[in-house]
Amino acid sequence: MQSEFQIGEAVIHRREGLSFIDSIVTISDNQYFLVHSKRQSNETFYVPIERAEGIIRKVMSEKDADQVLRYMKSVDNEYNSVTKQRRDAYKKRLSSGETLDFAYLTAQLLHHDKLLGTKDEIHLGPVDFDLLNKAKELLFDEFSITYKVETDKMDDFIKNR
């Protein structure tokens with residue numbers, strides 16, 4: 001079976017984010033990509049080649065990444081003061097695996113950071129920060145591959161882009 005993915009290629013796993021295809025293995029007459037996650041380096045996943053497009057995808061192009069950045073700039077600060085509703089909404093977006101949902105959550109985190117120490121400061125809890133920072137990590141990992149910028153320099157890169 002022919003696939004658009006190649007061994008050694010960086011891909012985006014819907015749940016794990018930036019990952020790399022290590023090899024192709026055959027188990028019981030079925031072929032799988034053996035994929036490891038950047039964040040969970042000891043984690044490997046068997047992705048059925050015939051269903052790979054629903055589980056992994058190519059890293060976005062620079063043009064697509066620029067569109068995501070424009071989208072982030074357009075996202076308004078939205079704060080739901082009902083903790084459970086806010087966290088459920090964050091979890092839903094994070095579990096979607098969709099780049100624009102990660103961008104939305106990252107934008108919310110950046111809004112929070114801008115408002116620190118002002119009269120409009122937003123009060124988030126540790127779970128909120130965990131969810132928002134996870135989205136930011138997933139998004140910035142992909143941006144780092146797309147823009148060829150180290151992940152730890154991504155904050156400054158994004159601000160200047």
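The exercises below, each with a worked solution, go through a predicted model.

Residues are numbered from 1 along each chain as its sequence is written, and side-chain values use heavy atoms, with hydrogens and water left out. In this predicted model, local features need pLDDT of at least 70 and side-chain atom pairs count only at pLDDT 80 or more, while totals for chains, interfaces and linings use all residues.

**Exercise 1. Find which residues have the most contacts inside the largest nonpolar core, and which elements give two or more residues to this core.**

Step 1. A nonpolar core is a set of buried Ala, Val, Leu, Ile, Met, Phe, Trp, Tyr and Cys residues joined through side-chain atoms within 4.5 Å, where buried means under 20% relative accessible area, exposed over 50%, and partly exposed in between, with a 1.4 Å probe and protein chains only.

Step 2. The largest such core holds 28 residues, and Val68, Met72, Leu94, Leu105, Leu139 and Phe143 have the most contacts inside it. Helices (H or I, at least four residues) and strands (E, at least two) are DSSP runs numbered from the N terminus, and two or more core residues come from each of α1 (62-74), α2 (83-96), α3 (99-115), α4 (126-147) and α5 (154-160). The largest share, eight residues, is given by α4.

Step 3. A second, separate core has ten residues, including Phe5, Phe45, Val47 and Ala52. In soluble globular proteins, nonpolar side chains tend to be buried together.

**Exercise 2. Describe the surroundings of phenylalanine 143: which residues is it in contact with, leaving aside its neighbours within four places in sequence, and is it buried or exposed?**

Step 1. With contact taken as heavy atoms within 4.5 Å, and with those neighbours left aside, phenylalanine 143 is in contact with Met60, Ala65, Val68, Leu69, Met72, Lys148, Met154 and Ile158.

Step 2. Both phenylalanine 143 and tyrosine 147 are buried. These two residues are four apart in helix α4, so about one helical turn separates them.

Step 3. Rings of Phe, Tyr and Trp (its six-membered ring) pair if their centres lie within 6.5 Å, and planes under 30 degrees apart count as stacked, over 60 as edge-to-face and the rest as tilted. The ring centres of phenylalanine 143 and tyrosine 147 are 5.7 Å apart and their planes are at 55°, so this pair is tilted. Ring pairs also join Phe140, Phe143, Tyr147 and Phe157 into a cluster.

**Exercise 3. Work out how the rings of tyrosine 32 and tyrosine 46 are arranged, and where in the chain these residues lie.**

Step 1. The whole structure contains five aromatic pairs. In the pair of tyrosine 32 and tyrosine 46, the ring centres are 6.3 Å apart and the planes are at 90°, so the arrangement is edge-to-face.

Step 2. Tyrosine 32 belongs to strand β3 (residues 30-37) and tyrosine 46 to strand β4 (residues 44-48), so that the pair, 14 residues apart, links distant parts of the chain.

Step 3. Tyrosine 32 is buried at a relative accessible area of 19%, whereas tyrosine 46, at 48%, is partly exposed.

**Exercise 4. Say where aspartate 29 and lysine 148 are found, and what their phi values are.**

Step 1. Aspartate 29 is found in the loop between β2 (17-27) and β3, and lysine 148 in the loop between α4 and α5.

Step 2. Although it is not a glycine, aspartate 29 has a positive phi of about 65°, and the phi of lysine 148 is near 60°, again positive in a residue other than glycine. Most residues other than glycine have a negative phi.

Step 3. Aspartate 29 is exposed, with a relative accessible area of 75%, and lysine 148 likewise counts as exposed, at 74%.

**Exercise 5. Decide whether serine 37 is buried or exposed, and do likewise for serine 81.**

Step 1. Serine 37, in strand β3, counts as buried at 0% relative accessibility. Leaving aside its neighbours within four places in sequence, serine 37 is in contact with Glu16, Leu18, Ser19, Glu43 and Phe45.

Step 2. Serine 81, placed in the loop between α1 and α2, is exposed at a relative accessible area of 57%. Serine 81 and leucine 124 are 43 residues apart in sequence, and their C-alpha atoms are 9.2 Å apart in space.
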